[in-house]
Protein chains: 2
Amino acid sequence: MVVELVSVGTELLLGNIVNTNTQYLAEQCALLGLSMYHQVVVGDNQERLAEVVRTALGRSDVVILTGGLGPTEDDLTKEVCAEVMGMPLKEDAHTRKRMEAYFKNGIFKVIPDNNWKQALVPEGAIVLDNDNGTAPGLILEKDGKTAILLPGPPSELYPLFKGQVFPYLKKKQPEILRSQMVKICGVGESQVEAELLDLIDKQTNPTIAPYAKTGEVHLRVTARAKTEEEAKHLVKPVVKEIKRRFGDSVYSVREEETLEMAVVKLLQKYELTVTTAESCTGGLLAGRLVNVPGASEVFREGFITYANKAKRKYLDVSKSTLKKYGAVSPETAREMAIGGAFAADSDVCVAVTGIAGPEGGTEEKPVGLVYIATYIKDKATVKKFQFKGNREKVREMAVVRALDLLRRSILENCR
Amino acid sequence: MVVELVSVGTELLLGNIVNTNTQYLAEQCALLGLSMYHQVVVGDNQERLAEVVRTALGRSDVVILTGGLGPTEDDLTKEVCAEVMGMPLKEDAHTRKRMEAYFKNGIFKVIPDNNWKQALVPEGAIVLDNDNGTAPGLILEKDGKTAILLPGPPSELYPLFKGQVFPYLKKKQPEILRSQMVKICGVGESQVEAELLDLIDKQTNPTIAPYAKTGEVHLRVTARAKTEEEAKHLVKPVVKEIKRRFGDSVYSVREEETLEMAVVKLLQKYELTVTTAESCTGGLLAGRLVNVPGASEVFREGFITYANKAKRKYLDVSKSTLKKYGAVSPETAREMAIGGAFAADSDVCVAVTGIAGPEGGTEEKPVGLVYIATYIKDKATVKKFQFKGNREKVREMAVVRALDLLRRSILENCR
């Protein structure tokens with residue numbers, strides 16, 4: 001079965017945004033064992049969109065379209081697909097009811113007139129309820145071809161795909177495909193690949209596909225087989241071998257588990273509370289921890305101490321340390337971690353201080369220099385990092401490495 | 001002049017990497033005032049690649065291809081384009097010499113045999129020297145159509161494009177394109193469009209294109225003209241009219257200015273310091289403020305008070321308020337904002353408390369209920385929001401609305 005992706009949106013043609021949806025969908029389709037030969041981006045133009053949809057349906061079995069389902073006049077994806085596939089639009093009572101409920105609970109009490117066109121559905125289409133927006137997903141089937149229409153915003157697209165489209169496509173795919181993720185943090189992409197070269201070279205079934213994420217490398221091990229049992233049997237030894245080679249750098253083997261989830265799970269396991277003391281990351285580290293449902297069990301409070309005065313006031317960093325070594329130093333990071341744990345009366349503290357740029361760098365302390373410290377069971381650990389990239393990238397990397405150091409410190413001291 | 005982008009690479013079809021090259025090239029082409037109607041991704045397959053190139057050259061004037069110029073057998077872009085355009089390959093002495101020099105200075109002293117195919121050039125093509133790799137860029141011109149072949153690695157692509165392709169394309173483009181962004185916060189996408197329907201309906205030059213961001217709507221007003229002056233003249237009255245209609249909801253008319261930048265600029269303008277008191281957003285709000293270079297001037301410290309105890313300890317929220325109204329209430333939000341400003345000795349405080357979910361919701365206080373409060377010049381303002389979506393979405397929306405309420409409170413009290 002061949003799948004093709006069509007992204008609809010002028011903002012992509014103008015380069016206003018990066019097409020992350022396509023990467024997500026391509027990865028998911030690979031996971032399903034579906035072949036993909038083309039990805040296309042086209043604007044909200046009736047004629048060109050129709051041409052693209054016709055071509056895609058001609059050469060592929062399933063076409064997944066994203067974007068252009070909004071309430072505005074620009075949004076044409078549904079109208080065009082309905083016409084190309086000969087499935088005229090009709091109002092869907094169920095969708096209209098959901099829209100009314102959505103607006104009733106929302107901020108905007110009045111439903112703008114143009115929104116109602118979102119309740120129109122091609123006759124015979126499968127309607128996928130969208131819990132995060134007003135545009136439902138749609139599956140149009142005709143003459144052995146399938147068009148799947150999904151909203152463009154990732155917060156709507158991802159849950160719709162994962163919850164409804166993925167199972168739908170899985171049923172269409174007769175072969176059993178089983179894959180397991182091995183998530184690695186703290187090792188560079190090229191190093192991961194170098195250490196797996198022998199495995200990757202001889203791979204046929206299962207295959208090993210590396211995905212580079214910010215500060216992480218995810219390896220997807222995928223096997224094809226006739227039965228679930230057989231596929232599992234093929235995947236297992238490869239995952240075991242990867243875990244053996246990377247040891248504690250592997251933080252999870254579960255698809256849906258993020259780094260912060262793994263950290264929160266460890267904290268829960270060892271019944272530890274944690275606090276954060278952040279300078280250059282300014283709350284992002286705590287923000288990621290709190291993103292884990294149930295984080296309140298282990299995280300009660302955090303400190304954002306951007307100014308030196310705040311480092312002294314809340315974390316009791318000594319005046320002489322700040323003066324002698326500066327705010328960005330292993331000494332300050334260490335005192336932040338210790339002071340944070342005491343101030344919050346928590347078992348563990350992780351502290352970050354660094355120079356995110358673009359200003360503030362010197363020859364001795366360049367932009368990207370970050371110290372991360374943990375304090376746990378009377379033991380402080382400090383690590384120095386030199387990150388590349390702009391302010392945002394430096395901060396992102398600092399957060400990932402702080403979560404990783406926290407994770408490793410817990411393992412080291414509690415296991 | 002119409003440009004089309006073709007990315008060649010199996011790793012894109014598998015979703016191993018995000019297609020950032022396309023975003024970069026699309027933005028550059030928009031900047032040059034070139035029209036773009038299609039972007040295509042195709043794998044290293046002779047037949048399919050040839051078909052894609054033929055289609056692209058048929059409907060567009062210039063086709064920019066990236067990837068598939070490497071030394072391996074998989075790399076076919078040059079061979080396919082040469083054949084489709086009828087420009088047979090010949091060894092280029094200049095390129096061969098550069099390759100020899102590149103390898104002499106590099107890590108690999110011996111030139112792998114297959115590398116020599118990179119010295120082959122379609123007859124009559126313009127060769128673009130690549131200082132960061134062995135594959136030169138190529139411009140193929142024939143019958144009024146142009147194919148531009150560039151290497152895929154960003155470290156080779158960007159300098160080649162900026163240094164040689166951009167000037168080449170600029171010469172081909174006589175028309176001037178000028179665009180301005182109008183950024184709106186606190187008004188829904190469909191409401192924005194409803195209020196602009198008359199302008200959008202009659203638009204030809206300039207055009208108005210809406211982009212929905214999380215909690216924001218960006219409008220790009222774009223004019224084409226013979227001169228820079230004339231284009232500016234066309235854009236100006238439209239931007240002015242949009243600003244008149246949306247008033248304070250317009251937070252910026254600058255492409256690169258984010259909501260948090262606009263907030264920091266306002267704080268700087270009125271010489272105010274700010275602090276944050278966050279519960280459900282857990283540091284994300286402060287994290288966005290700190291993302292602005294130079295935020296240290298206005299932001300010194302922030303509070304993450306996830307637990308009730310922390311709200312009392314740092315923000316002096318009264319025990320009776322928490323008991324009587326609960327942590328998620330207008331009363332608590334108000335006390336958090338007042339207490340935060342006093343504790344941090346700052347001029348302004350913005351506080352957030354809510355239920356991000358997935359657990360913790362009740363009928364009276366459902367998931368997505370968030371109270372945001374500001375305190376400035378002895379005046380507290382509290383707003384209630386009911387956000388839709390998963391935990392991440394609720395928190396993201398809360399951050400955007402908190403930044404917006406902060407912005408509006410400053411305008412209201414200081415202007």
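Me: At what angle do the axes of helix H9 (residues 259-269) and helix H14 (residues 391-414) of chain B cross?

Reply: They cross at roughly 30 degrees and come within 10 Å. Axes are lines fitted to C-alpha atoms over the stretch in contact, with angles from 0 to 180 degrees between N-to-C directions. Helices (H or I, at least four residues) and strands (E, at least two) are DSSP runs numbered from the N terminus. This is a predicted model: local features need pLDDT of at least 70, side-chain atom pairs pLDDT 80 or more, while totals for chains, interfaces and linings use all residues. Residues are numbered from 1 along each chain as written, and chains are lettered from A and ligands numbered from 1 in written order.

Me: Why are H9(B) and H14(B) called roughly parallel?

Reply: Roughly parallel means under 35 degrees; the crossing is at roughly 30 degrees, so H9(B) and H14(B) are roughly parallel to each other.

Me: Which residues of H9(B) and H14(B) meet?

Reply: Among them are Leu259(B) and Val263(B) in H9(B), and Leu403(B) and Ile410(B) in H14(B). Contact means C-beta atoms, placed from the backbone, within 7 Å.

Me: How do you know that strand E2 (residues 35-42) of chain A pairs with strand E2 (residues 35-42) of chain B?

Reply: Pairing takes at least two DSSP bridges, and five bridges join these antiparallel strands. In one of them, Val42(A) partners His38(B).

Me: What makes E6(A) and E6(B) edge strands of the open sheet of twelve strands?

Reply: Each E6 (126-128) has a single partner strand, so one side of each is left without a neighbour in the sheet.

Definitions and conventions: Angles under 35 degrees count as roughly parallel, over 145 as roughly antiparallel, 65 to 115 as roughly perpendicular and the rest as oblique. Two residues are in contact if their C-beta atoms, placed from the backbone, lie within 7 Å.
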